[in-house]
Amino acid sequence: MTELILATAGYAEQKYIHSNPTEHIEQSTLEYLYAAFSLYECKQTLNRKQYRALLEEYGWDKGTTEERRSLKIAENFQAFVGCPKHLAVLPVPILLRLCSQNYKVLIEKLQDIPIGGLTCRLVLGLIKERAKFLKSQKKEKKVGNWRATPDGNRY
């Protein structure tokens, strides 16, 4: 009889999870941020040998992709150590994109947004605006068809 109920019930009902998937994404991002900030703190406070032993305890090797990603996010979002819930609405791939050299300036803009006002749509809009700006800057550099001579002059 229970097999019949499980076969007709939805996944959310079977696993007793919240039916809104954004709740789970936000929770997983928050957990990831907690782990990243903790790992960054350990890297800053422990010596090299102790840090490697900690990574082995977690089942990670030094220099793995996941370790580098975690440290990159924690390093770039140090302003949010006290309130990681502010960033919970952003999925981890967007946080990683904001850590790139081209988009680091947007992290400062995120600090000015009040708690609860930050949305994924807002951040994606900021990223799109920044990409347009960077593209226009790239076009400005390519003014004219000039060639360089061996002595460095242009003709």
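**Figure 1. Read along the sequence, the predicted protein chain runs α-α-α-α-α-α-α-α.** The chain holds eight helices and zero strands. Helices (H or I, at least four residues) and strands (E, at least two) are DSSP runs, numbered from the N terminus. This is a predicted model: local features need pLDDT of at least 70, side-chain atom pairs count only at pLDDT 80 or more, and totals for chains, interfaces and linings use all residues. Residues are numbered from 1 along each chain as its sequence is written, and side-chain values use heavy atoms, with hydrogens and water left out. Buried residues make up 26% of the 155 residues. Here buried means under 20% relative accessible area, exposed over 50%, and partly exposed in between (1.4 Å probe, protein chains only). The accessible surface comes to about 11500 Å², and 52% of it belongs to carbon and sulfur atoms. These areas come from the Shrake-Rupley method with a 1.4 Å probe; for residues, only the protein chains shown count as cover. Of the contacts (heavy atoms within 4.5 Å) with a separation of 6 or more, 58% join residues 24 or more positions apart.

Figure 2. The mean pLDDT (the predictor's confidence in each residue, from 0 to 100) is 82 for the protein chain. A value of 70 or more is reached by 79% of the residues. Over residues 1-7 the pLDDT is below 50. Beyond near neighbours in sequence, that stretch has one contact in the model.

**Figure 3. Helix α5 spans residues 65-76.** Its 12 residues reach 16 Å from first C-alpha to last, close to the 16 Å expected at 1.5 Å a residue. The expected span is 1.5 Å times one less than the number of residues. The buried residues of α5 are Glu67, Ser70, Leu71, Ile73, Ala74 and Asn76.

**Figure 4. Ser70 sits in helix α5.** Ser70 is buried, at a relative accessible area of 4%. Not counting residues up to four places away in sequence, Ser70 touches Tyr32, Ala36, Leu39 and Trp60.

**Figure 5. Phe77 and Phe80 form a tilted aromatic pair.** The count of such pairs comes to one. The ring centres are 6.0 Å apart, with 50° between the planes. Rings of Phe, Tyr and Trp (its six-membered ring) pair if their centres lie within 6.5 Å; planes under 30 degrees apart count as stacked, over 60 as edge-to-face and the rest as tilted. Phe77 is buried, with a relative accessible area of 0%. Phe80 is buried too, at 2%.

**Figure 6. Helix α7 (residues 105-112) has buried residues Leu106, Ile107 and Leu110.** These residues cover an arc of only 105° around the axis, so they lie on the same side of α7. The arc is that of the directions from the helix axis to the C-beta atoms. Glu108 and Asp112 are exposed on the other side of α7.

**Figure 7. Pro91 lies in the loop between α5 and α6.** At 24% relative accessibility, Pro91 counts as partly exposed. Leaving aside neighbours within four places in sequence, Pro91 is in contact with Thr29 and Cys120. Pro91 and Tyr32 are 59 residues apart in sequence. In space, their C-alpha atoms are 9.8 Å apart.
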